[in-house]
Every structure is written in C-alpha cells, then in structure tokens.
Amino acid sequence: MVRYTHDKLLKKLLSDPENRKEYEKLNEEFSLFEEMLKARLNAGKTQEEVAQALNTNKSAISRLEHSGGSKSHSPTIATLRKYAKALNCELKIQFVQHAN
C-alpha cells in the first residue's frame, strides 16, 4: 500500500486539471476558515468559549470553522459579525482587484 503525506497527496491530486479547477473554486472558503481559526487562536479562545459568547454549542462553532462554505452551513454576515465580536475583532470584507 502506498502511503502519502498530505502535501504529496495534494500535489498528486492537483496534477489533474479537473481536480485543480475544483480545488481552486474552494480557495475563498479555505481562506475564510484559515482566517477564522487564526483570529480565534490569536484571541486565545477555545471553541467552547466562542460558543458560549454566541449562545450556541461547541459543535456549531466547529462546523462554522470547518465547513462554512458548504450550502448547509454557509454562515451569514450576521453570524460572522457575532463570531468576530466574540473574539474582540472587527469583521472586514474586501473586494481585491485581480492582477491582469
């Protein structure tokens, strides 16, 4: 059985143009999850602490941080604002011009 590290498997999968195209469609969502996690860790908060601040449970915060882009769990701007407030952060949404 061939064993892959995450990086090697990702490289292998992304060598297929169709896989790469689908992966790149998710880039914005991956960036959102990464920013949310970094903000929570920088605030020194656990998922449980954020859940208490949002009057919800830890599993809801986990879903928010890990599957926010799926249609069934896509967060609203209001939810993202509450999440930011729980971390003593401000939510900023930007449109960034693509370089041509």
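Student: In this predicted model, is Y23 buried, partly exposed or exposed?
Tutor: The class follows from relative accessibility, where under 20% is buried and over 50% is exposed. Y23 has a relative accessibility of 34%, so Y23 counts as partly exposed.

Student: Which class does F30 fall into?
Tutor: The relative accessibility of F30 is 35%. Values between the cut-offs of 20% and 50% define the middle class. F30 therefore counts as partly exposed.

Student: How are the rings of Y23 and F30 arranged as a pair?
Tutor: The whole structure holds 1 aromatic pair. In the pair of Y23 and F30, the ring centres lie 5.4 Å apart and the planes meet at 45 degrees. Planes under 30 degrees apart would be stacked and those over 60 edge-to-face. The pair of Y23 and F30 is therefore tilted.

Student: What is the orientation of helix α3 relative to α5?
Tutor: Helix α3, residues 27–42, packs against α5 with the axes 7 Å apart and at an angle of about 130 degrees. Angles over 145 degrees would count as roughly antiparallel, and 65 to 115 as roughly perpendicular. The angle therefore makes α3 oblique to α5.

Student: Which residues of α5 meet α3?
Tutor: The residues of this contact comprise 4 nonpolar, 2 polar and 2 charged. From α3 come F33, M36, L37 and R40; their counterparts in α5 are L64, E65, H66 and S67.

Student: Which element gives the largest share of the largest nonpolar core?
Tutor: This core has 10 residues, among them M36, L64 and L87. Elements giving two or more residues to the core are α4 (47–53), α5 (58–67) and α6 (77–86). The largest share, 3 residues, comes from α6.

Methods. Residues are numbered from 1 along each chain as its sequence is written. This is a predicted model: local features need pLDDT of at least 70, side-chain atom pairs count only at pLDDT 80 or more; totals for chains, interfaces and linings use all residues. Side-chain values use heavy atoms; hydrogens and water are left out. A nonpolar core is a set of buried Ala, Val, Leu, Ile, Met, Phe, Trp, Tyr and Cys residues joined through side-chain atoms within 4.5 Å. Buried means under 20% relative accessible area, exposed over 50%, partly exposed in between (1.4 Å probe, protein chains only). Helices (H or I, at least four residues) and strands (E, at least two) are DSSP runs, numbered from the N terminus. Axes are lines fitted to C-alpha atoms, for helices over the stretch in contact, and angles run from 0 to 180 degrees between N-to-C directions. Angles under 35 degrees count as roughly parallel, over 145 as roughly antiparallel, 65 to 115 as roughly perpendicular and the rest as oblique. Contact means heavy atoms within 4.5 Å. Ala, Val, Leu, Ile, Met, Phe, Trp, Tyr, Cys and Pro count as nonpolar, Asp, Glu, Lys and Arg as charged, and the others, Gly among them, as polar. Rings of Phe, Tyr and Trp (its six-membered ring) pair if their centres lie within 6.5 Å; planes under 30 degrees apart count as stacked, over 60 as edge-to-face and the rest as tilted.
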